[in-house]
Amino acid sequence: MELFNDGNGWQSMHDDLLFTAAMLRASEAHVDLAKPIDGLLVKWDALDAEGTKVDREVVKANARVAWVNLELDARTTRCASQLLTDCNNERGHPTFKRFFPTAPGELIRLGLESQLKAMERFPTLADELPLSKASAAAMKAVVEVFDAGREALAARAEVVQGTTRMSVKQAAWRDEANKLRRATETALDDHANKHGLPRDYAAGFFPSQKKPAKKTAPTEAERVLALPDAVLRLLPGTYIATLPADAQATIRTRLAG
């Protein structure tokens with residue numbers, strides 16, 4: 001019997017245990033050995049339900065960030081347009097350059113976290129520089145989204161932590177499953193020795209592990225780079241910073257294109 005490891009899927013571990021429990025019950029001689037496995041399968045059901053809930057929260061958190069990002073982009077575009085009008089359509093105008101040292105289009109291509117960081121001085125500049133009534137109103141509309149953006153990012157960060165906690169719980173369940181399977185195998189071996197049964201008697205109660213395909217699993221960076229640009233923009237800057245330098249450069253190039 002091979003122990004469960006990182007290569008085993010969450011559902012496949014459940015099915016392997018279910019198979020073993022059903023085999024033990026079908027044998028009639030080992031019904032008692034099936035009972036602890038039943039308890040572990042109940043734990044699996046609870047963790048699976050919890051994991052499904054966490055996955056759904058991740059989707060909702062990403063959607064919330066995406067919406068605020070769209071709203072901020074739209075308001076930033078309107079603000080830049082109004083401010084440019086007030087600056088006689090001169091992009092080199094000192095007032096326009098203070099707010100937009102780079103082109104507004106480059107600003108709105110950023111993910112929400114990076115965009116908020118780049119625009120954090122907007123409220124201060126709006127107080128310091130003379131603005132028309134229209135530009136002041138457009139600027140106020142932009143700043144009003146900042147808190148919603150920070151709240152959406154904080155909520156997503158909390159959800160991401162939940163996925164980490166979920167992984168830890170699932171790993172603990174896998175360790176418990178391995179201990180129980182090993183104990184079950186030992187009990188079956190003892191039974192086989194006492195009754196003169198074949199040495200591979202216990203092996204029949206555990207399904208054969210599927211051999212992994214002979215190809216290298218994609219790295220985390222490769223998985224990230226396979227994501228659409230729209231999804232890349234939702235990734236926290238702090239997470240992107242953990243990727244290899246070449247992957248970070250590729251992401252910056254794609255999002256700037």
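Select helix 1 (residues 10–27) and helix 7 (residues 133–194) in this predicted model. Their axes lie 12 Å apart and pack at an angle of about 25°. Helix 1 is therefore roughly parallel to helix 7. Angles under 35 degrees count as roughly parallel, over 145 as roughly antiparallel, 65 to 115 as roughly perpendicular and the rest as oblique. Axes are lines fitted to C-alpha atoms, for helices over the stretch in contact, and angles run from 0 to 180 degrees between N-to-C directions. Helices are DSSP runs (H or I, at least four residues), numbered from the N terminus.

The crossing of helix 1 and helix 7 is left-handed: the near helix is turned anticlockwise from the far one by less than a right angle. Show the side chains next. On helix 1, pick Trp-10, Met-13, His-14, Leu-17 and Leu-24. Their partners in helix 7 include Trp-173, Ala-177, Thr-184 and Leu-188. Contact means heavy atoms within 4.5 Å. This contact of helix 1 with helix 7 divides into 7 nonpolar, 3 polar and 2 charged residues. Ala, Val, Leu, Ile, Met, Phe, Trp, Tyr, Cys and Pro count as nonpolar, Asp, Glu, Lys and Arg as charged, and the others, Gly among them, as polar.

By class, the contact of helix 1 with helix 2 has 13 nonpolar, 3 polar and 4 charged residues.

Zoom in on Leu-24 in helix 1. Leu-24 is buried, at 0% relative accessibility. Buried means under 20% relative accessible area, exposed over 50%, partly exposed in between (1.4 Å probe, protein chains only). Beyond four places in sequence, Leu-24 touches residues including Val-31, Ile-37, Leu-188 and Phe-205. The C-alpha atoms of Leu-24 and Lys-35 are separated by 9.5 Å.

Last stop: Gln-115, in helix 5 (residues 112–118). Gln-115 is buried, with a relative accessible area of 0%. Its side chain makes a polar contact with the side chain of Asp-73 (3.2 Å). A polar contact is a pair of N or O atoms within 3.5 Å; within protein, one must be able to donate a hydrogen and the other to accept it, and residues adjacent in sequence count only if both atoms are side-chain atoms.

Residues are numbered from 1 along each chain as its sequence is written, and side-chain values use heavy atoms, with hydrogens and water left out. In this predicted model, local features need pLDDT of at least 70, side-chain atom pairs count only at pLDDT 80 or more, and totals for chains, interfaces and linings use all residues.

Methods: Helix = DSSP H or I, 4+ residues; strand = E, 2+ residues; numbered from the N terminus.
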